[in-house]
Amino acid sequence: MNRLRPLLDLLRRKLAELMELALGDRASDRVVPPTGHTVWLTVLSAGAMAFLAVFALALTLATGRLAERWAEDLAQSMTIRLAAPAAEADAQQAAVLAVLAETPGVASARALAPEEQAALLEPWLGPDLPVGRLPLPRLIDLVGDDDLDVDGLRLRLEGEVPGAVLDDHTRWRAPLVEAAGRLRMLGWLALLLIACVTAAMVSLAAKAALAANAEVIRVLRLVGARDFYVARAFTRRITLRALAGAAAGTGIGMVAVTLLPSAEKVGFLTGLSFSGAGWLAPLMIPLFAGLAAFFATRRAALRALARFE
Amino acid sequence: MEGNGFVIDLRGAGFSYGGGGGGSLSGIDLSLPAGSFHFLTGPSGAGKTTLLKLCYGELKPTQGQVALLGKDSRMLSRDGLALVRQRIGVVHQDCRFLDHLPVAENVTLPLLVAGRDPAAEADNLRQLMSWVGLTHRADAYPAELSGGERQRAALARAVITDPDVVIADEPTGNVDWEMSQRLMTLLAELNRLGKTILVATHDMALIRAAKPLVQARVLRLADGQLQAAGAEL
C-alpha cells in the first residue's frame, strides 16, 4: 500500500488539476485574449481527427466481430466431398452418413440436394447451365461441436469410404481469420496515430497561441503570475476547443457510420457500422481528444514558459 | 522586516547583457530599508532600467548578489520569483496592460493571479480607483486612456495587493508637469503608508518638487555604476 501511495497521490493531483481545468473560472479565462486562427486550427483539427477516429474505431470493432464470427462459424462447419461413380454414389453417401451418425461430436449432418448444389454453383456458372448433367461430387454438410475429433473422423472415412474427403475449411479459414485480425490491428494502429497527430496539432496550436500572446505572458509574469497559472489559462482554452471540435467531429462521424450498408446485406464490406453497446465506444473519442489536448497543451505551455525571461 | 532590515539589498551586483551593449551594470551596492523613498537618476543608457529590473527580479545578476525581500534572487525558482513579485508593485513607463481587458480588470489582475477573488475585494478596488482619480474610467479600455490616466491605472495595479515595495520606471515620462506632480503626490502618500518606494527618473525638476512631500534620497547612476549612493534630497 505504501508503494502505491506516491502513485495515488499523483493520480489525485492530476484529477484535481483536471477538475480545476473543467470547472475553471471565467475571470482567469479572460486573461488570454481570443486568438482566431489558433482557435479554428484547434477546433478543425480536433474535429477532423475525431471524424477519422470514428471510422477507424468502427473498422476495428467490425473486423474484430468479423474475425470472431468467421473463426466460430468455420470452426464448426465442415464439408464431406464424395467423388464416386453414379451407381455407387447413393451407397457411399449412406455409408458416410452412417459413420457420422456413430461419431461423437457431430451435431448434424445432411447431404445437399441437387438444387442446393446448383444454387451454390449459379454465381459462377450462371442459371441456365444444366447442372444435373455434370458429374458433380456429392456434398455432405456437417456441423460439429467441441467434442468432434476431426483427424480421427478423417482417418475413419479414409478407411471405410475411400472416395470421401473431409474438408474442415482450415485451408482458407486461417488466412481469413488472420486477415481480419490484421485489419483489427491496423484499426488500433490508426487510432493511435490519430491520437498522436491530434496531440501534435494541438501542441502546435498551443505554441502558436503562446507565441502570439508573448506580451500577455510578460504582463502576467510581471504582476506575479506563476507558470502554472499562465499554463492553465492557455491549457483550459485550448482543451475546451479541442473537446468541442472532437465532439462535433464524432457526431458527424457517427451519423456517417449509420449511412454505411447494414450487416444484413451480404458482402465483405458490409456490417462496418457499430452494433449494440459498440455505439457507446465513439462517445469516448471526445474525452480522449480532450485528455490528449490537455496533456499536449500543458506540456507545450510549461516548456514555452520555461524559456521566458 | 527581512533579515537585515533591507527590503532590497544589492551587494557588488552587476549585470552584463553580453555583446557590450548599453545598460550594463557593475559593482552596485544598494540597500533599501523598509519605508524608505529613493530616486534613481542618470542619463539615458546609464542602466537605470537594468538596475530596476534587478530590483524586481526580471533580471538576475551576472555578478554579486541581489536579495529581494530577504531572498537571493539567483536562488529563487520561477514560482518563488512570482511570489516575490506579488509583494513588489511595478509601474512601467509604457504601463504594460492587457489591452483586451477594461481598466478595472487590469487593476485587479495581481489579485487574480495571486488566487484572490477580485469580486470579494470590490471595495478595495473602488477606494483605489477613487484614490488615483479613475473611478469614472473603470470600464474604459487601456487604449482609451490618456498618458496620465494610464500611469495612474498602472500605479493602482501596482499597489492593489498592498505590496511592500513600489518600483516605478520613469512614471512621469509621458505626462505633463501637472500630472507628474499628481503622481508624485500619490507615491509620497504610499511612502507615508510605509511602502518602500524606488523611482527612476531623469527629471530633476520633479525630484526638487518632491522635497516638501517626502524625505527621499537620490541615487545617481552613470556608466553602469552608482556614483552617489544616497545623497539626501
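This text walks through parts of chain B and then a helix pair in chain A. The model is predicted, so local features need pLDDT of at least 70 and side-chain atom pairs count only at pLDDT 80 or more, while totals for chains, interfaces and linings use all residues. Residues are numbered from 1 along each chain as its sequence is written, chains are lettered from A and ligands numbered from 1 in the order in which they are written, and side-chain values use heavy atoms, with hydrogens and water left out.

Start with an open sheet in chain B. Four strands form it, in the order β2-β1-β4-β5, with antiparallel pairing. Helices (H or I, at least four residues) and strands (E, at least two) are DSSP runs, numbered from the N terminus. Two strands pair if DSSP finds at least two bridges between them. β2 (25-33) and β5 (71-72) of chain B stand at the edges. Each has a single partner strand, so one side of each lacks a neighbour in the sheet. Helix α1 (residues 48-56) of chain B packs on this sheet and touches β1 (6-15), β2 and β4 of chain B. Contact here means heavy atoms within 4.5 Å. The direction of α1 makes about 130 degrees with that of β1(B). Axes are lines fitted to C-alpha atoms, for helices over the stretch in contact, and angles run from 0 to 180 degrees between N-to-C directions.

Now move to β7 (residues 165-169) of chain B. β7(B) pairs in the parallel sense with β6 (residues 88-91) of chain B over four bridges. Ile88(B) stands opposite Val165(B). β7(B) also pairs in the parallel sense with β8 (residues 196-200) of chain B, over five bridges. Here Val165(B) faces Thr196(B).

Finally, turn to chain A. Helix α7 (residues 170-212) and helix α9 (residues 227-258) of chain A pack at an angle of about 140 degrees, with axes 11 Å apart. Val202(A), Ala205(A), Ala206(A), Ala209(A) and Leu210(A) in α7(A) meet Phe234(A), Ile238(A) and Ala242(A) in α9(A).
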